[in-house]
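Keep the structure open while you read.

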Amino acid sequence: MSEDVVRMQVNPETCIAGGQCELLAPDVFEIDDDEVIAVVQGDGRLDRKVALEVIDRCPSGAISIVEPDEAAGGG
Amino acid sequence: MAAEGPPPPVDLRDPAVFAQGIPHDLFAELRATPGLHWSPQHDGDRGFWSVTRLAEVVEVSRDPATYSSEVGHIQMYDIEEDCLAARASMIDLDPPVHTRLRRLVSSAFTPRHVQGYREAIRRRVRATLDRLEVDGGGDWVDLVAAPIPIGVICDLMGVPEADHGYLIELSDHLVAGTSSEPLPADAYGNTTDLRLLPFNSPAASAMSAYADAHAARLRERPGDDLSSQLLAAEIDGEALSPEEFANFFRLMIFAGNETTRSAMSHLAMHARAFPDAFGAVAADRELLGALAEEIVRYSSPILYFRRTVTRATELGGTTLAAGDKVVMWYASANFDDAAFDAPLEFRVDRPPTPIHSAFGGGGAHFCLGASLARLELVELLDEMFDRGLELDHGTPTHVDSNFVNGIEHLPVTVTRSSDHRSTP
């Protein structure tokens, strides 16, 4: 994976469905209307610059970047 | 617990401190003083720590395990266990119970979802401004700032238009519970012990009675509103009890009404005070969102919420013990110069982060209605700019409270700028 592209994850325990992620990166995040949390679409790849903004804007701090070893191990 | 240095010569409990709005000089002094500020006990109520810097407001907000909304009151004064239980709605609870309650309604408030309310909001905005323009002015709060948000939240909760005025009245009296002159105990035929009622206000019992009757109506004939959704919802196989529904209903009406109203009231004063910023946005509507955000930061409608410490910890250089009260002054954090460049300037070109704390410092209790409030402000501003409205105002009457930065009355005169005079 290029250094400028990262993979995103959402912590379902802390997500409050604030929806900022869906607004900023609609291809990667969607608020699931049944579960009422943000879910990552597809492989969750996002430009690092956008990723950092999404993380900053998430009101509950539920979004993070999947670290490389996590990604390799967890698939 | 000993405080560092002498306390400032003011009591942060006293509504008079906020009589002319946010006390910027006082808060600047507290932010510049290392550690947290300690307000000693008063009239038998325990003392509390004041958190005044943005970074620490965010730290407290995002750690509900250490800073609880549930083990103590979320206002600065303590109340007894049975009172906490009787009043509890999701705002008074911690995860995981809070999370389950919030998820019953949160999908209706996402940025994507609230776009669906845009047209209805714009219709309400037009109707209120039409009325204001007919008379060339009037009380901005009564004619514009109050009816728009209560109309929007009542629509969401399935409350008929004819009852909006009554709910505004009750909601206003709840705030009066934080003032120096609360309502008499038997107002609205109240017979409940005041200490069991939110804001110690008899209006809370009238609001619960309204919620009961509303629930009975909707059980007969459910609609597609949030009240009907709440009445049909189950948590772990159980429906909300009548008290839980009433507390939920009251929270939604109060929170959806008073706060946005306050921001809209301040908006009218900002329009006169900061004509350059407003002019720039009138010419470039891409900036509407930035203007709405700056209005919210600058007005900080909720002055503070409190948390109670659950375990020994350290915050901003001060050691805290379990049971300590921590008051997060959003109205101070939003003017923290460590976070905002020239914080007393009103600017529409601020970077998107850090986010101000007027919707809370993040975490589980971040304002549920933030996206709805932003949209209501944007629609009001956009319509004002479309009409070329020019506002002038007289002296505002501030709400007497240490909890909200509200405006009770604001006399305005309204005209249209010369290039708009020919339009309807």
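A salt bridge is a side-chain nitrogen of Lys or Arg within 4 Å of a carboxyl oxygen of Asp or Glu. By that rule, one salt bridge crosses the interface of chain A and chain B. This is a predicted model: local features need pLDDT of at least 70, side-chain atom pairs count only at pLDDT 80 or more, and totals for chains, interfaces and linings use all residues. Residues are numbered from 1 along each chain as its sequence is written, chains are lettered from A and ligands numbered from 1 in the order in which they are written, and side-chain values use heavy atoms, leaving out hydrogens and water.

**Interface of chains A and B**

- Contact (heavy atoms within 4.5 Å) involves 21 residues from chain A and 17 residues from chain B.
- The two chains bury about 1,600 Å² between them, 51% of it on carbon and sulfur atoms. Buried area is the accessible area (1.4 Å probe) that two parts lose on being put together, summed over both.
- Ile16(A), Arg57(A) and Pro59(A) supply 33% of the area that chain A buries against chain B, more than any other three residues.

**Nonpolar cores**

- A nonpolar core is a set of buried Ala, Val, Leu, Ile, Met, Phe, Trp, Tyr and Cys residues joined through side-chain atoms within 4.5 Å. Buried means under 20% relative accessible area, exposed over 50%, partly exposed in between (1.4 Å probe, protein chains only).
- The largest core has 130 residues; Trp140(B), Leu167(B) and Leu380(B) touch the most other members.
- Helix α12(B) gives this core its largest share, 14 residues. Helices (H or I, at least four residues) and strands (E, at least two) are DSSP runs, numbered from the N terminus.
- Leu167(B) touches residues including Ile150(B), Met207(B) and Phe249(B).
- A second, separate core of 20 residues includes Val6(A), Met8(A), Ala17(A) and Ile63(A).

**Salt bridges**

- The whole structure holds 35 salt bridges over all chains.
- Asp382(B) bridges to Arg122(B), with the closest N and O atoms 3.0 Å apart. Asp382(B) lies in helix α16 and Arg122(B) in helix α6, so the pair ties together parts that are 260 residues apart in sequence.
- Asp382(B) is buried at 16% relative accessible area, and Arg122(B) is buried at 7%.
- Arg416(B) and Glu133(B) meet in a salt bridge (2.7 Å, N to O). Arg416(B) sits in strand β14 and Glu133(B) in helix α6, 283 residues apart.
- Arg416(B) is buried at 13%, whereas Glu133(B) is partly exposed at 22%.

Terms used
Lists of a residue's contacts leave out its neighbours within four places in sequence.
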